Amino acid sequence: MSEVFLHIEDLRKEFGSTPVVNGLNLEIRKGEFVSLLGASGCGKTTTLQMIAGFEKPTSGRIRLNGTDITDMPPSKREIGIVFQNYALFPHMTVEENIVFGLVLRKVDKQARQKRLNELLELVHLVGLQARYPRELSGGQQQRVAIARALAIEPNVLLLDEPFSNLDARLRADMQNEVKRLQIETGITTILVTHDQAEAMALSDRLAIMHKGVALQVDTPQSTYDNPASKYVGNFLGNINILDTTLQAANDAHIGFSAGGALRHVPNHLKLAPEECCISIRPERVKISPQHSECEVQVPAKVVAKNYNGSSWDIDTETELGGISINVPHHGRLTPDRGQNIVIGWNVNDMRVVNVD
């Protein structure tokens with residue numbers, strides 16, 4: 001594992017008396033792709049602006065490759081940024097946009113041309129250097145913005161919701177393109193997004209942000225499979241929270257009753273019963289399981305079902321409250337609204353999470 005390249009330490013930003021970033025701590029390794037993921041107002045864009053130098057922290061420090069850059073002007077940080085609206089200069093050609101930062105740095109013409117050729121090849125825009133932004137598609141404009149950010153060979157690339165203005169098909173194509181570029185260049189990249197699927201597809205690690213702090217920082221799979229809190233679990237997909245009284249079985253387990261039996265769930269977070277709840281992902285729940293398939297089985301009544309192409313979303317009512325199920329679509333029949341069924345799952349598929 002490589003050493004920490006970007007270190008954000010107890011970072012705070014207040015606008016008036018309102019804290020927007022509230023003691024954020026984050027360590028990012030060189031070459032890593034990290035997404036700041038959260039709802040609007042969680043502080044992710046303000047964090048990005050402080051890393052770039054556009055906003056001054058109220059307190060806390062930002063260190064890049066061992067150097068404290070907290071009070072350093074943006075032009076000295078060697079950080080590239082791609083904005084949501086790309087911010088291309090409309091009166092400049094593709095070439096002029098891409099080499100803009102190099103001109104400001106007084107890089108000689110021959111070196112600028114060499115770098116331009118490398119970037120046009122990298123972002124697949126060879127032959128379009130004489131066009132103006134208005135003559136390009138949305139995806140092409142985005143690639144110009146990325147090439148311009150990469151032109152100065154920055155230490156870090158910041159991406160501020162760069163896909164939000166694209167349609168679904170182009171968004172998916174450009175996500176693949178950005179990941180390819182990041183892998184090829186090896187540049188440390190931070191993406192700000194509220195799109196869970198986008199963050200999970202692109203990132204080495206996610207920082208789930210809420211009220212100005214990172215609630216959980218981990219790989220996409222680990223964050224999804226083992227959410228630390230109810231908020232994280234619901235933000236990254238959907239989880240069912242079982243409506244049941246909990247009791248401490250021992251230091252390592254939480255006990256609850258289901259289907260007429262006492263069950264024990266591993267309590268890896270070491271939470272007290274009043275601090276936690278028990279969750280299970282909808283795709284872990286089976287319909288009409290054999291007795292040998294699932295340790296927990298409860299009667300249920302189907303109250304709603306929706307077809308989304310690749311799967312069915314089925315809502316049920318049970319003794320443990322409402323439980324949603326996601327069933328892959330294989331052409332087989334699924335239970336209808338109002339039908340009484342049995343659903344089940346295994347103890348190891350459940351997670352103890354913080355109630356917050």
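**Entry 1: the model**

I am working from a predicted model. I keep that in mind for every value below.

**Entry 2: the largest pocket**

I started with empty space. Rolling a probe the size of a water molecule over the atoms shows where such space is left. I looked up the largest pocket and found a volume of about 520 Å³. Its lining has 18 residues. I noted the ones closest to the centre: Ile79, Ile81, Gly101, Arg105 and Ile152.

Which elements supply at least two residues each of this lining? I found β6 (79–82), α3 (100–104) and α5 (138–151). I then sorted the lining by class. There are 12 nonpolar residues, three polar and three charged.

**Entry 3: the second largest pocket**

Next I went to the second largest pocket, which holds about 210 Å³ of space. I wrote down its lining residues. They are Ile287, Trp312, Val327, Pro328, His329, His330, Arg332, Leu333, Thr334 and Pro335. By class, I have six nonpolar, three polar and one charged.

**Entry 4: a sheet of three strands**

I turned to the strands. In what order do the three strands of the open sheet run? The order is β11-β15-β21, with antiparallel pairing. I marked β11 (240–241) and β21 (350–354) as the edge strands, since each pairs on one side only.

I checked the link between β11 and β15. Strand β15 covers residues 276–280, and two bridges join it to β11.

**Entry 5: Val352**

Val352 lies in strand β21. Is Val352 buried or exposed? Its relative accessibility is 6%, so Val352 counts as buried, the cut-off for buried being under 20%.

I then looked up what surrounds Val352. I set aside its neighbours within four places in sequence. The contacts that remain are Ile254, Val265, Pro266, Asn267, Leu269, Leu271, Cys276, Cys277 and Ile278. For Cys277 I also noted a distance.

**Entry 6: aromatic pairs**

A pair of aromatic rings is described by the distance of the centres and the angle of the planes. How many aromatic pairs does the structure hold? I found four, and I followed up Phe54 with Phe83, then Phe89 with Phe100.

The ring centres of Phe54 and Phe83 are 6.2 Å apart. Their planes meet at 25 degrees, so I logged the pair as stacked; the cut-off is under 30 degrees. This pair links distant parts of the chain, 29 residues apart. I located Phe54 in the loop between α1 (44–52) and β4 (59–64), and Phe83 in the loop between β6 and α2 (94–98). Phe54 is partly exposed at 44% relative accessibility. Phe83 is partly exposed too, at 28%.

Phe89 and Phe100 make a tilted pair. I have 4.7 Å centre to centre and 55 degrees between the planes. Why does this pair tie together separate parts of the chain? Phe89 sits in the loop between β6 and α2 and Phe100 in helix α3, so the pair joins parts that are 11 residues apart in sequence. At 26% relative accessibility, Phe89 counts as partly exposed. Phe100 also counts as partly exposed, with 28%.

Conventions. Residues are numbered from 1 along each chain as its sequence is written. This is a predicted model: local features need pLDDT of at least 70, side-chain atom pairs count only at pLDDT 80 or more; totals for chains, interfaces and linings use all residues. Side-chain values use heavy atoms; hydrogens and water are left out. On a 1 Å grid over the protein atoms alone, a cavity is a set of points where a 1.4 Å probe fits but cannot get out, and a pocket is an open set with protein on both sides within 12 Å along at least five of seven lines; lining residues have an atom within 4 Å of a point. Grid points are joined across faces, edges and corners, and a volume is the space filled by probe spheres set on the points. Helices (H or I, at least four residues) and strands (E, at least two) are DSSP runs, numbered from the N terminus. Ala, Val, Leu, Ile, Met, Phe, Trp, Tyr, Cys and Pro count as nonpolar, Asp, Glu, Lys and Arg as charged, and the others, Gly among them, as polar. Two strands pair if DSSP finds at least two bridges between them. Buried means under 20% relative accessible area, exposed over 50%, partly exposed in between (1.4 Å probe, protein chains only). Contact means heavy atoms within 4.5 Å. Rings of Phe, Tyr and Trp (its six-membered ring) pair if their centres lie within 6.5 Å; planes under 30 degrees apart count as stacked, over 60 as edge-to-face and the rest as tilted.
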